[in-house]
Amino acid sequence: MIKLACCGDDCNFCHRYNATLNQNEHKLREIAILWKKIGWRENIDPPETLVCYGCETFNGTCEYNVRECCLDKNNENCGKCENYPCDKIENAFEITRNNAEKYKYILSKEDYEIFVKAFFSKKDNLDKVNCEFIR
């Protein structure tokens, strides 16, 4: 079963989400190092700060500002919103396109392929959800 983040990230392919579910602290440490390398974090964060069970349990602020909107509207993700696509999610798509291009040259081929599935396919994921939602 597919589990999407509010922004359309596919949690099923996310190393962070899977490491959390498997209580794999070593993998969370590796993720912290990788995320610093690609600029997602300024420091190598402690593994316990990377624990993620999905948007509904996340305590931080969504970098795209869509999580709060989804929760306010009681939507699982942006694809189930009557206003999809809005400016907020379009901004997330633009950031994602830029990141996808940039990370081709930073990540290993294997990591890049996982990032494509987990993070860089959010528009396709949400378009599918929205198409089913509006039927």
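These legends accompany close-up views of a predicted model.

**Figure 1. The largest pocket and its lining.** The largest pocket holds about 620 Å³ of space. Its lining has 29 residues, and the closest to the pocket centre are D9, R16, W35, E63 and F119. Two helices, α1 (15-21) and α4 (87-103), each supply at least two residues of this lining. The biggest contribution comes from α4, with three residues. Sorted by class, the lining of the largest pocket comprises 17 nonpolar, five polar and seven charged residues.

**Figure 2. The second largest pocket.** About 370 Å³ of space lies in the second largest pocket. Of the 19 residues in its lining, I2, K3, L4, E76 and N77 are the closest to the centre. Helices α3 (67-72) and α6 (122-133) are the elements that give two or more residues to this lining. The largest share is that of α6, at four residues. By class, the lining of the second largest pocket divides into nine nonpolar, four polar and six charged residues.

**Figure 3. The cavity.** The count of cavities of 30 Å³ or more comes to one. The largest cavity contains about 80 Å³ of space. Its lining consists of V66, C69, C70, K73, N75, C78, C81, N83, Y84, C86 and K88. These lining residues are divided into seven nonpolar, two polar and two charged.

**Figure 4. The largest nonpolar core, with W35 shown together with its contacts.** The largest nonpolar core has 34 residues, and W35, V66, I89 and F115 are those with the most contacts inside it. The elements that give two or more residues to this core are α1, α2 (25-38), α4 and α5 (109-118). Helix α2 provides the largest share of this core, six residues. Leaving aside neighbours within four places in sequence, W35 is in contact with R16, W40, R41, L50, F115 and F119. Among these contacts, F115 is also listed with W35 as a residue with the most contacts inside the core.

**Figure 5. Salt bridge between K122 and D9.** Side chains of opposite charge can pair when their charged atoms come close. The structure holds 10 salt bridges, one of which joins the side chains of K122 and D9 at 2.8 Å, N to O. K122 counts as buried because its relative accessibility is 2%, under the 20% limit. D9 is likewise buried, with a relative accessible area of 14%.

**Figure 6. Salt bridge between K3 and E56.** K3 and E56 form a salt bridge in which the closest N and O atoms are 2.9 Å apart. The pair links distant parts of the chain, with K3 in the segment before α1 and E56 in the loop between α2 and α3, 53 residues apart. K3 is also one of the residues closest to the centre of the second largest pocket.

**Figure 7. Salt bridge between K123 and D127 in helix α6.** The side chains of K123 and D127 meet in a salt bridge at 2.9 Å, N to O. K123 and D127 are four residues apart in helix α6, so about one helical turn separates them. K123 is partly exposed, at a relative accessible area of 36%. D127 is also partly exposed, at 29% relative accessibility.

**Figure 8. Surroundings of N77.** N77 is found in the loop between α3 and α4. With a relative accessible area of 3%, N77 is buried. Leaving aside neighbours within four places in sequence, N77 is in contact with L4, A5, C6, C70, L126 and V129. The C-alpha atoms of N77 and V66 are separated by 8.5 Å, and the two residues are 11 residues apart along the chain. N77 and L4 are both among the residues closest to the centre of the second largest pocket.

How values were computed: Residues numbered from 1 in each chain as written. Predicted model: local features only at pLDDT ≥ 70, side-chain atom pairs only at ≥ 80, totals over all residues. Heavy atoms only, no water. 1 Å grid on protein atoms, 1.4 Å probe; cavity = no way out; pocket = protein on both sides within 12 Å on 5 of 7 lines; lining within 4 Å. Points joined across faces, edges and corners; volume = space filled by probe spheres on them. Nonpolar A, V, L, I, M, F, W, Y, C, P; charged D, E, K, R; others polar. Core = buried A, V, L, I, M, F, W, Y, C linked by side-chain atoms within 4.5 Å. Buried < 20%, exposed > 50% of the residue type's maximum accessible area, 1.4 Å probe, protein only. Contact = heavy atoms within 4.5 Å. Salt bridge = Lys/Arg side-chain N within 4 Å of Asp/Glu carboxyl O.
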